[in-house]
Structures are given as structure tokens and as C-alpha cells.
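Good morning, and thank you for coming. Please look at the model on the screen while I speak.

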Amino acid sequence: MEDLKNRLRQFANDRNWDQFHSPKNLAMALSGEAGELLEIFQWLKEDETIASNISPKNLERVKEELADIFIYLIRIADKLDVDLVREANIKIEKNSEKYPVDLSRGNAIKYNRRND
Ligand SMILES: [Mg+2]
């Protein structure tokens, strides 16, 4: 993660693009890339999107958009000095408390004790 962060910093600095990389602009760019990911799946049937059935062409496109999303995510975190791995672990812990296994297992509808 650190290597990627530094490589992306260098990439932006070499092109004098850091001036454009405000968290706001990066978040907008990330959202655009998420839209590009959605566009690949748009109108496909559910079973055409799973790993065993996705076309090689679409899988390549998905890889590219995931990389774009990941790159912008890393850049936003870097600009705000956020440790993504740490925050993801904290969020997983929060979700574990919010959605206890005994109440959530097998339920697609998010259920938590606060709904009681
Ligand atoms: Mg893209």
C-alpha cells in the first residue's frame, strides 16, 4: 500500500497534477470510475456477472475500472492522511457489532439490534 501511495504521488508530481488533486476532485473522479464499473454490468443478467460466466472482455474492463477506483481511493486517503487499512479494519469491527451473526446470517436485508 505504501509503495502504491508513493508511486501515485510521484506520478501526480511528475505531471504537476497535484494542484488538481483536492479530496473533492478526487472523490468526484472516484465516483466517475465507479460509474464506469457499473456501466459494464448494466443490462447484463445476474448470471452473466459472476466469475464463472463473465466474458473475458468484460473481466478485463472490470479489472481496469477497479484499478481506477483503487487508485483514486488511495490518493484521497493520502491527501487526507488516512490509513486505509486501519480504517477498513475499524469499519469491519463496527459492522460486526452492527450486524451480529446470529441476527444477520442469511438475511439480505440489513438487520441490527437497533431495529429491535
Ligand atoms: Mg476508468
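Predicted model: local features only at pLDDT ≥ 70, side-chain atom pairs only at ≥ 80, totals over all residues.

R86 is partly exposed, with a relative accessible area of 49%. On this scale buried means under 20% relative accessible area, exposed means over 50%, and partly exposed lies in between, with a 1.4 Å probe and protein chains only. The side chain of R86 meets that of E87 in a salt bridge, at 3.0 Å from N to O. E87 is also partly exposed, at 34%. A salt bridge here is a side-chain nitrogen of Lys or Arg within 4 Å of a carboxyl oxygen of Asp or Glu.

Residues are numbered from 1 along each chain as its sequence is written, and side-chain values use heavy atoms, with hydrogens and water left out.

How many salt bridges does the structure hold? There are seven. One of them joins R9 to D78, with the closest N and O atoms 2.7 Å apart. This pair links distant parts of the chain, since R9 belongs to helix α1 and D78 to helix α3, 69 residues apart. Helices are DSSP runs of H or I with at least four residues, strands are runs of E with at least two, and both are numbered from the N terminus. R9 is partly exposed, at 36%, whereas D78 is buried, at 13%.

D78 has a further partner, R75, in a salt bridge of 3.7 Å from N to O. R75 and D78 are three residues apart in helix α3, so about one helical turn separates them. The general principle is that an α-helix has 3.6 residues a turn, so residues three or four places apart point the same way. Both R75 and D78 are buried. Together with R9, D18 and K79, these two residues are linked in a network of salt bridges.

Let us turn to helix α3 itself, residues 56–79. Its 24 residues should span 34 Å at 1.5 Å a residue, and the end C-alpha atoms are 35 Å apart, which agrees. The expected span is 1.5 Å times one less than the number of residues. Among the buried residues of α3 are N58, V62, E65 and I69. What covers the buried residues of this helix includes α1, α2 and α4. Here, contact means heavy atoms within 4.5 Å. After α3 comes D81, whose phi is positive, near 55°.

Which residues form the largest nonpolar core? They are L37, I40, I54, V62 and I69. Helices α2 and α3 each supply at least two residues of this core. A nonpolar core is a set of buried Ala, Val, Leu, Ile, Met, Phe, Trp, Tyr and Cys residues joined through side-chain atoms within 4.5 Å. Leaving aside neighbours within four places in sequence, I54 is in contact with F41, E48, T49, L59 and V62.

Finally, the metal site. The magnesium ion is coordinated by E33, E36, E65 and D68, at 2.1 to 2.2 Å. Donors are N, O and S atoms within 2.8 Å of the metal (3.2 Å for Na, K and Ca), and sites may look incomplete because water is not among the atoms. In sequence, the donor residues are spaced E-x2-E-x28-E-x2-D. E33 and E36 are three residues apart in helix α2, and therefore separated by about one helical turn. E33 is buried, at 11%, while E36 is partly exposed, at 32%.
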